[in-house]
Amino acid sequence: MSGPPDTGTDAQTTGSPGPGPGTEEAPGGHRRLWSARRVPAALLALVLLVVAGAFLYDVAAVRAGRPAMAWRRELARQLAERPLDDIWVLVGAGVAAALGLWLLLLALTPGLRALLPMRRTHPDVRAALHRDAAAMVLRDRAMEVAGVQSVRVRTTRRRADVRVVSHFRELDDVRGDLDLVLGEAVRGLGLARPLGLSLRVRRPGRKG
């Protein structure tokens, strides 16, 4: 039998499970999936379409002998009269620069941070696992270990942080079983880059 619970001690381990049998990464299998960015692309295309259409209509109207629209004459006058250090010119330049940086960021980053790439068993097929699903699998496997009362799992792109409360058995015994079970669970996820594992086991806090 295990000794009485010690509410003042805990056990912690941090590591990265090594690859198990059949866990070799396929070439390029660790690369993240790229987001299609459909919403930003659609919004940008819509804005460009409206602006280009308005200018094209006005230019065509002028070529046909009609006067330019009031908004284009006012815009040309404002751009000609306002100095470069005018507050509204600076604000407009700042907004344009911020939008440009945002578009560059979207173009150069993959996005889809919540998806973990899985190993590619076929060169034409790519799969990914949601981080919440990976956390749920690890939590369910940890709850199967004797002595575990509750489990909290938080996954990032590189690591799984597991916090366990054990209400009986020695903490070192629970931690050892969890190391084995969670190590197998991480390898069983089939990820291209296995998650590192950070595990902490503690006793429940005192009530009252």
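Guide: This is a predicted model. By the ring-pairing rule, the count comes to one aromatic pair.

Visitor: Why is the pair of Phe55 and Trp71 called edge-to-face?

Guide: The ring centres of Phe55 and Trp71 are 5.2 Å apart, with 80° between the planes.

Visitor: What does the pair tie together?

Guide: Phe55 belongs to helix H1 (residues 38–63) and Trp71 to helix H2 (residues 70–81), so the pair links parts that are 16 residues apart in sequence.

Visitor: Why does Phe55 count as partly exposed?

Guide: Its relative accessibility is 34%. Buried means under 20% and exposed over 50%, so Phe55 falls in between. Trp71, with a relative accessible area of 36%, is partly exposed too.

Visitor: Which residues touch the most other members of the largest nonpolar core?

Guide: Val162, Val164, Leu178 and Leu182 do, out of 26 residues in that core. Helix H4 (131–143), strand E4 (148–155), strand E5 (159–166), helix H5 (171–188) and strand E6 (196–202) each give two or more residues. H5 gives the most, with seven residues. Leaving out residues up to four places away in sequence, Val164 touches several residues, including Val148, Val151, Leu178 and Leu199.

Visitor: How many residues reach a pLDDT of 70 or more?

Guide: The share is 83% of the protein chain, whose mean pLDDT is 82. Over residues 1–9 the pLDDT is below 50, and this stretch has twelve contacts beyond near neighbours in sequence. Residues 16–29 are also below 50, with 26 such contacts in the model. Where pLDDT is low, predicted coordinates should not be read in detail.

Conventions
Residues are numbered from 1 along each chain as its sequence is written. This is a predicted model: local features need pLDDT of at least 70, side-chain atom pairs count only at pLDDT 80 or more; totals for chains, interfaces and linings use all residues. Side-chain values use heavy atoms; hydrogens and water are left out. A nonpolar core is a set of buried Ala, Val, Leu, Ile, Met, Phe, Trp, Tyr and Cys residues joined through side-chain atoms within 4.5 Å. Buried means under 20% relative accessible area, exposed over 50%, partly exposed in between (1.4 Å probe, protein chains only). Helices (H or I, at least four residues) and strands (E, at least two) are DSSP runs, numbered from the N terminus. Contact means heavy atoms within 4.5 Å. pLDDT is the predictor's confidence in each residue, from 0 to 100. Rings of Phe, Tyr and Trp (its six-membered ring) pair if their centres lie within 6.5 Å; planes under 30 degrees apart count as stacked, over 60 as edge-to-face and the rest as tilted.
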